[in-house]
Amino acid sequence: MTYADMFSQVKAELMHADVSHITEHLAYQFNITGEGEGIFYIEVKDGKLYVEPYEYFDRDVIFTCTAKTLEKIARGSQDPVLAFTLGKLKVDGNFDKALKLKDIIDTIKK
């Protein structure tokens with residue numbers, strides 16, 4: 001799997017999230033390791049979700065994981081808190097804001 005393939009799949013899943021209820025600004029950078037390696041960010045701003053294939057320098061949290069783990073999280077088949085507990089998802093930054101990733105994932109409409 002290439003980075004472009006992984007990014008397209010994850011972005012397609014995440015764009016179904018309803019973040020209209022989130023009033024605070026959230027900025028997450030994802031560092032993908034292994035197959036599909038690369039960097040992208042998710043930003044929630046003014047109740048809208050943005051997913052872009054760039055590094056985000058003023059981020060609240062950096063998540064590091066494999067593309068496979070991230071795809072499972074984005075599909076809702078892997079709880080991000082459990083992935084962190086199992087060591088599959090590393091978190092660096094504001095843990096309170098990191099926990100809001102689960103809120104975003106939980107709103108994805110299938």
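This is a predicted model: local features need pLDDT of at least 70, side-chain atom pairs count only at pLDDT 80 or more; totals for chains, interfaces and linings use all residues.
Local features were considered at pLDDT of at least 70 and side-chain atom pairs only at pLDDT 80 or more, while totals for chains, interfaces and linings use all residues. Residues are numbered from 1 along each chain as its sequence is written, and side-chain values use heavy atoms, without hydrogens and water.

Five strands form an open sheet of mixed pairing in the order β3-β2-β1-β4-β5 (strands, E, at least two residues, and helices, H or I, at least four, are DSSP runs numbered from the N terminus; pairing requires at least two DSSP bridges). Because β3 (48-52) and β5 (90-93) each have a single partner strand, one side of each edge strand lacks a neighbour in the sheet. Strands β1 (residues 26-33) and β2 (residues 38-45) are antiparallel over 7 bridges, with L26 opposite V44 in β2. Helix α2 (residues 67-75) packs on the sheet and touches β1, β2 and β4 (61-66) (contact: heavy atoms within 4.5 Å). Helix α4 (residues 95-106) also packs there, touching β1, β2, β4 and β5.

The whole structure contains 7 aromatic pairs (Phe, Tyr or Trp rings, the six-membered one for Trp, with centres within 6.5 Å; planes under 30 degrees apart are stacked, over 60 edge-to-face, the rest tilted). The rings of Y28 and F63 are edge-to-face, with centres 5.2 Å apart and planes at 75°. This pair joins β1 to β4 across 35 residues. Y28 is buried at 0% relative accessible area, as is F63 at 2% (buried: under 20%; exposed: over 50%; partly exposed: in between; 1.4 Å probe, protein chains only). Ring pairs link Y28 and F63 with Y3, F7, F30 and F40 into a cluster.

Methods. Axes are lines fitted to C-alpha atoms, for helices over the stretch in contact, and angles run from 0 to 180 degrees between N-to-C directions.
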